[in-house]
Amino acid sequence: MAYSDFKLNEVSQRFGLTVNEASGMFADVPEAECSDLLVTILGENVDLAVAINTKKARSEMIISPVLLEIRRKFKGQISLFSGVDFTVDVQQGLNGFCDFIISSSKEQLFIRAPVITVVETNNESLKSGLAQCIAEMVAAQLFNEKQKNEIKSIYGVITIGTIWQFLKLQDKVISIDLSEYYIKDIKKILGILVSAIQQP
């Protein structure tokens, strides 16, 4: 079993999670400024990625530039991983490759302190990525516990590039924000990602 094999009801039962669903969970999070560089990149790339309409195009042309913007905001003091093996506990099915992981550590050679996991879905339904994202978040939480990293909350992102949805795992409560954020709301998307990394 791997992250991508989980079903939504299964992942919550297996790990004893309480699911909290609501809209606007991140409504009060302040926006973050978008650099001229990212504005230019998205202006050039979004329509092209949508026209090509492959996971690879959306990943390279939309998602990666947004996440790299976050890394620039923290002046390289966080790390970004793409397509990496993140095996934490094979027996529990917490293994496989993650689309993206953001770590609060600047160490780039290996994952040290995961704080955000990002799942890119293959279709317009973000719901199809929920179980995988939650499983990766549980793995990140377990990893931090084993490493004695004092990270209170793990954040998750499900995206097709043009639409983003956010989750938060704290203790055994998984909170799913039913609100969807569109790429035109890039300042809000950046704000949520920044606040996740800056958590107390």
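The model is predicted, so local features need pLDDT of at least 70 and side-chain atom pairs count only at pLDDT 80 or more, while totals for chains, interfaces and linings use all residues. Residues are numbered from 1 along each chain as its sequence is written, and side-chain values use heavy atoms, with hydrogens and water left out.

**Stop 1: salt bridges**

Begin with the charged side chains. The whole structure holds six salt bridges. The term means a side-chain nitrogen of Lys or Arg within 4 Å of a carboxyl oxygen of Asp or Glu.

Select Lys-187 and Glu-33. Their closest N and O atoms are 3.7 Å apart, in a salt bridge. Lys-187 sits in helix H5 (residues 186-197) and Glu-33 in the loop between strand E1 (18-22) and helix H2 (36-52), so the bridge ties together parts 154 residues apart in sequence. Helices (H or I, at least four residues) and strands (E, at least two) are DSSP runs, numbered from the N terminus. Now colour by accessibility. Lys-187 is partly exposed at 34% relative accessible area; Glu-33 is exposed at 55%. The cut-offs: buried is under 20% relative accessible area, exposed is over 50%, and partly exposed is in between (1.4 Å probe, protein chains only).

Next, select Lys-55 and Asp-99. This salt bridge has its closest N and O atoms 3.8 Å apart. It links distant parts of the chain, 44 residues apart: Lys-55 is in helix H3 (residues 55-73) and Asp-99 in strand E3 (residues 97-103). Is Asp-99 buried or exposed? Asp-99 is buried, with a relative accessible area of 16%. Lys-55 is partly exposed, at 33%.

Move along to Lys-56 and Glu-60. Here the closest N and O atoms of the salt bridge are 2.7 Å apart. Both residues lie in helix H3, four residues apart, so about one helical turn separates them. Lys-56 counts as exposed at 57% relative accessibility, and Glu-60 as partly exposed at 45%.

**Stop 2: aromatic rings**

Show the rings of Phe, Tyr and Trp (its six-membered ring). Two of them pair if their centres lie within 6.5 Å; planes under 30 degrees apart count as stacked, over 60 as edge-to-face and the rest as tilted. The count comes to five aromatic pairs.

Select Phe-26 and Tyr-155. They form a tilted pair, 6.2 Å centre to centre with 50° between the planes. Phe-26 lies in the loop between E1 and H2, Tyr-155 in strand E5 (residues 153-159), so this pair links distant parts of the chain, 129 residues apart. Phe-26 is buried, at 6% relative accessible area. Tyr-155 is buried too, at 9%.

**Stop 3: the largest pocket**

Switch to a surface view. The largest pocket holds about 230 Å³ of space. On a 1 Å grid over the protein atoms alone, a pocket is an open set of points where a 1.4 Å probe fits, with protein on both sides within 12 Å along at least five of seven lines; lining residues have an atom within 4 Å of a point.

H4 gives the largest share, three residues.

Methods: Grid points are joined across faces, edges and corners, and a volume is the space filled by probe spheres set on the points.
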